[in-house]
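This report covers selected local features of one model, from backbone geometry to strand pairing and helix packing.

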Amino acid sequence: MTEIIRKRAERVLVIGAGVSGLTTALSLSRAGFEVVVAAEKDASQCVSVVAGALWEWPPAVCGYHHDQISLTRSKGWCMESYEIFDGLAADPSTGVFMRVSNFYFTHRVEQHVHDQNKMNELAARVRGFERDPGLASANGVNPTYGILDAYRHLAPMIDTDTYTGWLLRQAEEAGVKVVRARVSGLLREQERELHQAYGVDAIVNCTGLGAAELHGVPMYPLRGALVRVLNDGTRIPKIEEAHCVSHDERNGDEQDIVFIVPRGENLVVLGGLAEPDQWSTDINLDNHQPVRDMYNRCVQFMPAIGKAEIDPVEPVRAGLRPFRKQNVCLESEPGTRIVHNYAHGGAGFSFSWGCARETVDMVKSFAI
């Protein structure tokens, strides 16, 4: 009997040009694959550029990743990304910065088991970890806000516009071909046609909310918005560190997140908003009270923020975080040469490099 010799897939179609799609495409190319990216939107128009883009140990500040299997896997993904971002921060052209990130609590960390577990897990993994309830007063937090505990550590903070441009250039210089195209319908039902149309042996789905159509699974958005304020040192001293208060689940659906993060050299972004199943991104300080409340909450938390000038060119960015009930989907579809890499929610940057590496491993396992 003649032995059938199988070889690995050599050419890959990545669908989607957000941070997950471009990071995956670049990682595949560096692993020796020929890669084409098909995306309906230019990278600069994807939801990735709206992201807060503060690296966080899961679950993130918005607090909507709860599935324990997904959380366990995501810890490895985010640490892989942490190390890569740490290296990229040495090059200013990447838009990646390693800065101090402060997390504050209105209770002692030990009083909530999930807060204690999160602190203990990240303390041994990140650089510069320090727990100090005095951080609130030292950093100008309003003493009436009720902060009782805090810790800080070094974390990647990403200028999404600069980084997305850098990532796209890196992919193209590595030989990745990016084409503007919309792929619609279940991927498993058109796999052969896509292989032929793009000349590929495997497909990776990085479409975020679009995965509902391509994978045939329920998805929902968690709408977010960021108010952008100038951080050039004229009206207030430059903010060089991030300041965050996570959602307290005891408050139910109340919007209570505080998210103050320096963006690049001359901006600070203020959040956070987490509105499930809201699809419109036409929201701003003038037409949506929760955006005004979000801004006021940050000012109440750190009063100096109120003196900063709101960006006159682009005061607010809004976007839709891609979620599903089971949280992140990173899996190969049985009986196909399709890998799904989506539903990262508000942690797309934090998970990007780790998920990309695992995706490369899955694609390598495909034989043709």
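Gly272 lies in the loop between strand S11 (267–271) and strand S12 (275–276); helices (H or I, at least four residues) and strands (E, at least two) are DSSP runs, numbered from the N terminus. The peptide bond from Gly271 to Gly272 is cis, with omega near 5 degrees. The model is a predicted one, in which local features need pLDDT of at least 70 and side-chain atom pairs count only at pLDDT 80 or more, while totals for chains, interfaces and linings use all residues. Residues are numbered from 1 along each chain as its sequence is written, and side-chain values use heavy atoms, with hydrogens and water left out.

A cis peptide bond also joins Pro58 and Pro59, with omega of about 0 degrees. Pro59 is in the loop between strand S2 (34–39) and helix H2 (68–88).

Two residues other than glycine have a positive phi. Their accessibility is classed as buried (under 20% relative accessible area), exposed (over 50%) or partly exposed (in between), using a 1.4 Å probe and protein chains only.

Arg223 is found in strand S8 (residues 220–230) and is buried, at 5% relative accessible area. Beyond its neighbours within four places in sequence, its contacts (heavy atoms within 4.5 Å) include Leu273, Ala274, Glu275, Gln278 and Ser280. The side chain of Arg223 reaches the backbone oxygen of Ser280 at 2.7 Å.

Strand S9 (residues 242–245) is covered on both faces: Ala242 and Cys244 are buried on one side, His243 and Val245 on the other. Strands pair if DSSP finds at least two bridges between them. Strand S3 (residues 96–105) runs parallel to S9 and is joined to it by three bridges; Asn102 has His243 as its bridge partner in S9. S9 also pairs with strand S10 (residues 258–263), in the antiparallel sense and over three bridges. There, Cys244 has Phe259 as its bridge partner in S10.

Helix H1 (residues 19–30) packs on helix H5 (residues 160–173) at about 30 degrees, with the axes 9 Å apart. H1 is therefore roughly parallel to H5, a class for angles under 35 degrees. Axes are lines fitted to C-alpha atoms over the stretch in contact, and angles run from 0 to 180 degrees between N-to-C directions. Among the residues that meet are Leu22 and Leu26 in H1, and Leu167 and Leu168 in H5.

Terms used:
A polar contact is a pair of N or O atoms within 3.5 Å; within protein, one must be able to donate a hydrogen and the other to accept it, and residues adjacent in sequence count only if both atoms are side-chain atoms. Angles under 35 degrees count as roughly parallel, over 145 as roughly antiparallel, 65 to 115 as roughly perpendicular and the rest as oblique.
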